Amino acid sequence: MPQSPPNLATTQFLDSTGQGTGNNGAPDQPYNPPGAKHTDSCLPLHATGEVVHNYATAEPAPGTIAFRWIHGSNVAALNRDPRIQAVQYNEDTCILRQNVCVNWQAPFTYLLLGNKGALLIDTGATAEPAYYPLRETVDRVIARWAKMRRRQQVPLTIAMTSGENRAQNQGLAQFAGRPDTVIATRPRAGMTGQIDLGDRIIDVIPTPGAHKDGITFYDRYNDILHTGDLLYPGKINIGNDRDYVASLERLKQWRDTHSVKWVLGGHIEMEYSPGKAYPRFATYKPYERLLQMTPDLIDDALASARQVAGKQTMLIRPDFILMNGVSPDERTRVFPAGVPNIASPRPY
Amino acid sequence: MNRRTFIKVPLALPFAAAAADADAADDGPPPVAVQIDFTSHLPAPGTFPARWICGSPSCMDNQDPPVQVHWYNEHTVFMRQNKAYSYEAPFMHLYFGNERILMLDQGFTTLRTDWPLRDVVDDCIAKWCARHGRRPEDMELLMAFSHLHSDHYAALAQFTDRPNTRYMGLTHEEMVGFWGMTGYPEERVTLDLGGRNILIWGSPGHVISEFAYYDTYTQILFTGDMFYQGRCYITYWDKWFDSMKRLMDFVDTHPVTHVVGCHVEISRTGEDYPYGVTYQPDEAPMQLTVADLRHAFEVAKTITKPGIYFTGAVFLCNQTRGTTTIDKNPYAYV
């Protein structure tokens, strides 16, 4: 007699009534390998109402960046990649990247979803929806997610790692007039706060330094720090070195008291070879470094920031480059000791 | 047809076959080449476009042609690479003579599938030949460039299988030998395109191997990357200053209508477009005047230290690193 399939919907999932095991997914099912953690899925097979996800996790929520980022093309005019690459980190987190051939800064924007709403961190470098359809993409991601979760309404909050950053605030105009949308006001200095997406709390950490109004977001579900221009694998232009050091100290303290899986910044400019960066305005970056930075790099960043503080100089590190008080085009022959100096090919 | 039979086919065959077809279709005599007079009524008048293509806010949405072709006059073509195909957006020149054609500079994209410079040039030559009773395969094409930087010769590879085409080598010795110079950089040689003379001499400073070209027909002086509407990256100041002196001597003794370079990196208001930018909406014209050149020389006389000096028309970047601009971090605060 064939074994009947386990009834996942009734035993393992939370539904709108709040009943369930408290875990998402079905880790105890025999088809899972031993030691499997929750599968991050809270989709019942036959949901009857709004699906409520449990965002309380002991460890960072599972998630991965499973795709290579689109990286432009040798001839930018002939690029036919999507204008926005949407990568689902997990069911409740989406990473969007702007095409390098639309804007060379190719910023990353993050869409986080919770039981009571969605948060869009940053809005990209291009205002024209024809070139960079951010609102349309966000709407479609939210609509797809809402359909899976049986939700009628998903209020959207838009917040930026820096309101003055033209590489991240241009897409904001596309959301003008969007119903059920709130644009987070600019926090005052020293202000900390939280954004509650419905059982999913995003902490707001003021981190000026790269920008005067810089903010870092900490996602308690994924345990990810969204640092924007403060810390990312690229040429970091320091706006004020005192603030920059203080902000990194704050981040280090945060890391020491919270679980941090990754630091995700707003751009990638470094190459895969350590210490090498693509030049400004490059529209073809075939050998990019990964987006994600491990939290131990905060120590490196802090030590490097203290080193450049008070000096007009640039400092090359394997995973980022600090530019303090110099032109964005500054170059240096000083290369970190012990790091292989590999020049990657530059096709033309 | 296997590879061996393919190799046996003479290189000029496709052209010859095409020409034979054309003759058969016309069923008339071969075209009669009328000798063009390049020595009277100088300088030959010509026009520059009111506006060159200059990129777009979003590169992948650029709708401009890959190469902008502008006929300065009946026998002279200026071309520009689209900024969305290469941020360097270099200019290229075609000078037609009675017997041969000189092409100066070849742009910054290697592959013909990426950027069809070869097709554009072949089309220009075909049109000119059709208008002046010549067959393209009879005209020798000389491919030269101002200096040994890849934004000036990258597309040379597209022409290597072109019949009746000669091109400069990629070493200083080959370049000097191509023009038969023995006294670089002082020696001035004359290239005869068939009634149309091009004067060529050395113009180092940006790099060691650079040439200045002067067309006696349009009286346009081409100074390459050594002097152009933008940031003149001067690597060797003494050599550059000597080259400027040579240019001064030249403009004192020869009529010059325009001084043209390879790039435009400056706006009409004197704003510096940073190195690598792909959109220059308010670009200055490509051509400079002799007065600009003379004024730059006067400014250069006062320069004693490395640094960036603005002459009003060009930035003289004296021994600053290449790609340096005057850009600052716009988000710096106290």
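Start by selecting Arg135(B). In this predicted model, Arg135(B) is partly exposed, because 18 other C-beta atoms lie within 10 Å, and a residue counts as buried only at 20 or more and as exposed at 12 or fewer. Arg135(B) sits in the loop between α3 (117–131) and β5 (140–144) of chain B.

Next, go to the core. The largest nonpolar core has 150 residues. Ala118(A), Ile101(B), Leu102(B), Met103(B) and Cys232(B) have the most contacts inside it. Pick Leu102(B). Beyond four places in sequence, Leu102(B) touches Tyr95(B), Leu142(B), Ala144(B), Leu191(B), Leu193(B) and Ile198(B).

Move to the sheet of chain A. Its 6 strands form an open sheet in the order β1-β2-β3-β4-β5-β6, with mixed pairing. Which strands stand at the edges? They are β1 (84–90) and β6 (181–183) of chain A; each has a single partner strand, so one side of each lacks a neighbour in the sheet. On average, neighbouring strands are turned by 20° against each other, direction ignored.

Select residues 117–121 and 156–159 of chain A. These are β4 and β5, which run parallel and are joined by 4 bridges. Leu119(A) has Thr157(A) as its bridge partner in β5(A). Now show helix α2 (residues 134–149) of chain A. It packs on the sheet, touching β1, β2 (93–98), β3 (108–114) and β4 of chain A. Its direction makes about 30° with that of β1(A).

Then view the contact between the chains. Chain A gives 28 residues and chain B 32 residues. The chain A side has 13 nonpolar, 10 polar and 5 charged residues.

Last, colour chain A by pLDDT. The average is 88, and 86% of the residues score at least 70. Over residues 1–23 of chain A, pLDDT is below 50.

Methods
Residues are numbered from 1 along each chain as its sequence is written. Chains are lettered from A and ligands numbered from 1 in the order in which they are written. This is a predicted model: local features need pLDDT of at least 70, side-chain atom pairs count only at pLDDT 80 or more; totals for chains, interfaces and linings use all residues. pLDDT is the predictor's confidence in each residue, from 0 to 100. Two residues are in contact if their C-beta atoms, placed from the backbone, lie within 7 Å. Ala, Val, Leu, Ile, Met, Phe, Trp, Tyr, Cys and Pro count as nonpolar, Asp, Glu, Lys and Arg as charged, and the others, Gly among them, as polar. A nonpolar core is a set of buried Ala, Val, Leu, Ile, Met, Phe, Trp, Tyr and Cys residues joined through C-beta atoms within 7 Å. Helices (H or I, at least four residues) and strands (E, at least two) are DSSP runs, numbered from the N terminus. Two strands pair if DSSP finds at least two bridges between them. Axes are lines fitted to C-alpha atoms, for helices over the stretch in contact, and angles run from 0 to 180 degrees between N-to-C directions.
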